[in-house]
Amino acid sequence: MVVQTRKSVNCRTARLEVPKEPKPPLRTDAPLLQVRDLRTNILGPASLALAAGECVAVKGPSGAGKTLLLRAIADLDPNQGLVSLEGRDRSTIPGPEWRRLVGYMPAEPGWWAETVGEHFGDWTAAAAVVTNLGLPEEAKSWPIARLSTGERLRLALVRALIMQPKVLLLDEPTAALDAASVAAVESLIAIRIRAGLAVLWVTHDADQAGRIARRRLVVEAGSVREEVGQWPATLP
Amino acid sequence: MASYIALSYWDLALASVLVLIDAVLSVLFGLQIHRSLLVAAIRMAVQLTVIGLVLTALFSLVSPLWTGLAVLAMILLAGQEVMQRQDRRLSGLWSFGLGTGCMMMSSVLVTAFALLTAIRPSPWYDPRYAIPLLGMILGNCMTGIALGLNTLTTSLMLRRASVEAQLMLGATRWDAAAPVTRDALRSALMPTINSMSATGLVSLPGMMTGQILSGVPPVEAVKYQILVMFLIAGGTGFGAVAAVLGGVYRLTDARHRLRLDRLGTAQAI
């Protein structure tokens, strides 16, 4: 009897530790990224919080201000409001350091040199991630001008990931990818999320939003709100 | 010493027939440029005559005040010209102030350097030396700064994504703008480099020819020309570096953001 009771207790504990939707180990109640009343010329006051190991999908019609929201959080455009990371006010952190902590990958990534390798400080660190995303290691010597849109997106993602940011802002990172590459990108980012990375992921694809995120933000006409209620239907 | 041949106004009238022939050719070939050609020729004659009178007055006065005012007027006119040559101007006072300030700094510095070291007229501000020297340095500095600033603003617009890509990865504004800054400085200094390498082979510089025509031995005229070339290279270099770095400073901010909103709308040219 005693033994059985112990066993049953063990089973319950085990089930609790591995729930149906595994919670990331680093996730805590205190938000990693806190945004309060963020405003630009176009964007209305936006507030949101992101915990470590959390992914939030951002959707909304084209031109609604999704990109502007991400740019404002990365501090690439003039903006007002309070943004903090781990309780540190953004205004106390120099711009370049902030952008290394809060990485941003735009929908159309920019390139400043002729070959792929020149955009990576340390190619050996990048190579492992590059091969994960279905590109060969020789991609280092490829000229930027001959890359396809999908190759550019994947390489830009690698570039952003190897900076080891705490938060990653993704603007339609899989928009031009085939199904296999989309899966590779999603699983790569899921691994980073389980390790504590927080992600804001702009996507037009409702199925993708269901796969990657538990929460959804909707950006409409420059204002941001959290979507509640409807989305769990897409979950299995 | 002076063994030059003075020209009469009839000599000039005779030479002006050449411009009239150009105008006739323009009419014959339907080039539609005879009008602007004649206007330009008349402007040139009137402007140079006025300058001749002004210089005569300045040279006879040898006054630091009037020399200084003439220098200021030249710099302000050059600043206006730099502003006119921009496709995209900086907003606010910067559009006139940046180019003008940098030209003032570099051309005055380099002219004073030449007057105080190499030429040493007495007094050192003697307008007979100061004004022509400043004019030559300012003219080249103006071209360099206008080209440098125009290259900077247009390349920042065209290569915005590449500059911002570096900012996104944690580069400082100076690092992110470095490729564009280099291009701007290169285009600012290219005309000076080209003119230095071609001079004497392809073209004889105006100042040197002028001195030779007025009876100065060629070797002496050449020495002056070499001095002036060095002064021009120095003045254009300082001015262009200051203007381009000032432009990068203005088009980015303390949070290391690219601020193309600080450019005005495109100029109709």
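This is a predicted model: local features need pLDDT of at least 70, side-chain atom pairs count only at pLDDT 80 or more; totals for chains, interfaces and linings use all residues.

Reply: Residues are numbered from 1 along each chain as its sequence is written, and chains are lettered from A and ligands numbered from 1 in the order in which they are written.

Me: How is a pair of packed helices described?

Reply: Two packed helices are described by the angle between their axes and the distance between the axes. Axes are lines fitted to C-alpha atoms, for helices over the stretch in contact, and angles run from 0 to 180 degrees between N-to-C directions. Helices are DSSP runs (H or I, at least four residues), as are strands (E, at least two), numbered from the N terminus. Take helix 5 (residues 127-158) and helix 8 (residues 178-198) of chain B: their axes lie 8 Å apart, at an angle of about 155 degrees. Helix 5 and helix 8 of chain B are therefore roughly antiparallel (angles over 145 degrees count as such).

Me: Which residues make the contact of helix 5 with helix 8 in chain B?

Reply: Contact means C-beta atoms, placed from the backbone, within 7 Å. From helix 5 of chain B come, among them, Asn140(B), Gly144(B) and Gly148(B); helix 8 of chain B supplies residues including Asp183(B), Ala184(B) and Ala188(B). By class, this contact has 10 nonpolar, eight polar and one charged residues. Here Ala, Val, Leu, Ile, Met, Phe, Trp, Tyr, Cys and Pro count as nonpolar, Asp, Glu, Lys and Arg as charged, and the others, Gly among them, as polar.

Me: At what angle do helix 4 and helix 5 of chain B cross?

Reply: Roughly 145 degrees, and the axes of helix 4 (residues 94-119) and helix 5 of chain B come within 9 Å. The contact of helix 4 with helix 5 in chain B has 16 nonpolar, four polar and no charged residues.

Me: Which residues touch the most other members of the largest nonpolar core?

Reply: A nonpolar core is a set of buried Ala, Val, Leu, Ile, Met, Phe, Trp, Tyr and Cys residues joined through C-beta atoms within 7 Å. A residue is buried if 20 or more other C-beta atoms lie within 10 Å of its own, exposed if 12 or fewer, and partly exposed in between. The largest core has 113 residues; Trp201(A), Ile145(B) and Val244(B) are among those that touch the most other members. Helix 5 of chain B gives the most to this core, with 15 residues. Val244(B) touches residues including Gly148(B), Leu152(B) and Ala188(B).

Me: How many residues of chain B are in contact with chain A?

Reply: 15 residues of chain B are in contact with 18 of chain A. Helix 6 (residues 160-168) of chain B gives the most to the chain B side, with seven residues.

Me: Where is there a cis peptide bond?

Reply: Between Ser122(B) and Pro123(B), with omega about -5 degrees. Pro123(B) sits in the loop between helix 4 and helix 5 of chain B.

Me: Is Asp37(A) buried or exposed?

Reply: Asp37(A) counts as exposed, because 12 C-beta neighbours lie inside 10 Å. Asp37(A) belongs to strand 1 (residues 33-39) of chain A. Its phi is near 55 degrees, a positive value in a residue other than glycine.

Conventions:
Angles under 35 degrees count as roughly parallel, over 145 as roughly antiparallel, 65 to 115 as roughly perpendicular and the rest as oblique. Two residues are in contact if their C-beta atoms, placed from the backbone, lie within 7 Å. Lists of a residue's contacts leave out its neighbours within four places in sequence.
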